[in-house]
Amino acid sequence: MKILVFMGSPRKNGDTATLVKPFLSELESKGAEVKTIFLYDKKIAPCLECFQCQDKLEEYGCAIQDDMNEIADEILKADCFILASPIFIWYCTAPMKAMLDRFYGLHKYYGKQCGPSLLEGKMCGIIATCGYDLEYGISPFEDGIKRFCEHFKINYIGKAAVQKNIGDDVDKFETEDSKKIAVDFAEKVISCCTKLKRKE
């Protein structure tokens, strides 16, 4: 199984990366093929809503020539993708939001003829870190991704999330509780992907 992890944090060794590490380790220990893409390293322009992608039914087809074309190729090869991000103003970071907007070319609903979602049947989950109460801090992002998955006919498989308050004495993302949250989510991802493979 192929699992793609999009890292939306600007810090490669920050809180979100710390939470993701045991998640990745567990996936790899179970034999998953895992690739991580750091979105702050990529050039992803905003969507222009030019609709040129909509009449190219068998390919991504975006008119903008940047790193999003490579990202689209990777996601089309994956069984599951994970959106890992700190929460900035109740949503994911800017590079991740730009990427999600550019997913427009991965469904073909608005062209001269209605086409498919190229992501239909894939799986998506969230790994998130924030400083607010988790439900208050993360629910706008999670609600948005649930709607995104419904629109694209993707299977949403849930989230792993940890809160850290300013002034905490310990690094919340390195505690055994946080590691267990990450490992348990990895096991859920493996289970969901295995079930998907059996259906194919």
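Start by selecting K30 and E26: they form a salt bridge, with the closest N and O atoms 2.4 Å apart. (A salt bridge here is a side-chain nitrogen of Lys or Arg within 4 Å of a carboxyl oxygen of Asp or Glu.) K30 is partly exposed at 47% relative accessible area, while E26 counts as buried at 13%. (Buried means under 20% relative accessible area, exposed over 50%, partly exposed in between, with a 1.4 Å probe and protein chains only.)

Before moving on, some housekeeping. This is a predicted model, where local features need pLDDT of at least 70 and side-chain atom pairs count only at pLDDT 80 or more, while totals for chains, interfaces and linings use all residues. Residues are numbered from 1 along each chain as its sequence is written, and side-chain values use heavy atoms, leaving out hydrogens and water.

Next, pick E70 and K42, whose side chains meet in a salt bridge at 3.6 Å, N to O. E70 lies in helix α2 and K42 in the loop between β2 (33–38) and α2, so this pair ties together parts 28 residues apart in sequence. (Helices, H or I with at least four residues, and strands, E with at least two, are DSSP runs numbered from the N terminus.) Then select K35, E74 and K77, which are linked in a network of salt bridges. The count for the structure comes to 11 salt bridges.

Now for the rings. A search of the whole structure finds 13 aromatic pairs. (Rings of Phe, Tyr and Trp, the last by its six-membered ring, pair if their centres lie within 6.5 Å; planes under 30 degrees apart count as stacked, over 60 as edge-to-face and the rest as tilted.) Show F23 and F185: the ring centres are 5.7 Å apart and the planes at 25°, so the pair is stacked. F23 sits in helix α1 (residues 15–29) and F185 in helix α5 (residues 176–199), so the pair ties together parts that are 162 residues apart in sequence. F23 counts as buried at 0% relative accessibility, and F185 counts as buried at 4%.

Jump to F81 and F103, an edge-to-face pair at 6.1 Å centre to centre and 75° between the planes. F81 is in strand β3 and F103 in the loop between α3 and β4 (123–130), 22 residues apart. Both F81 and F103 are buried.
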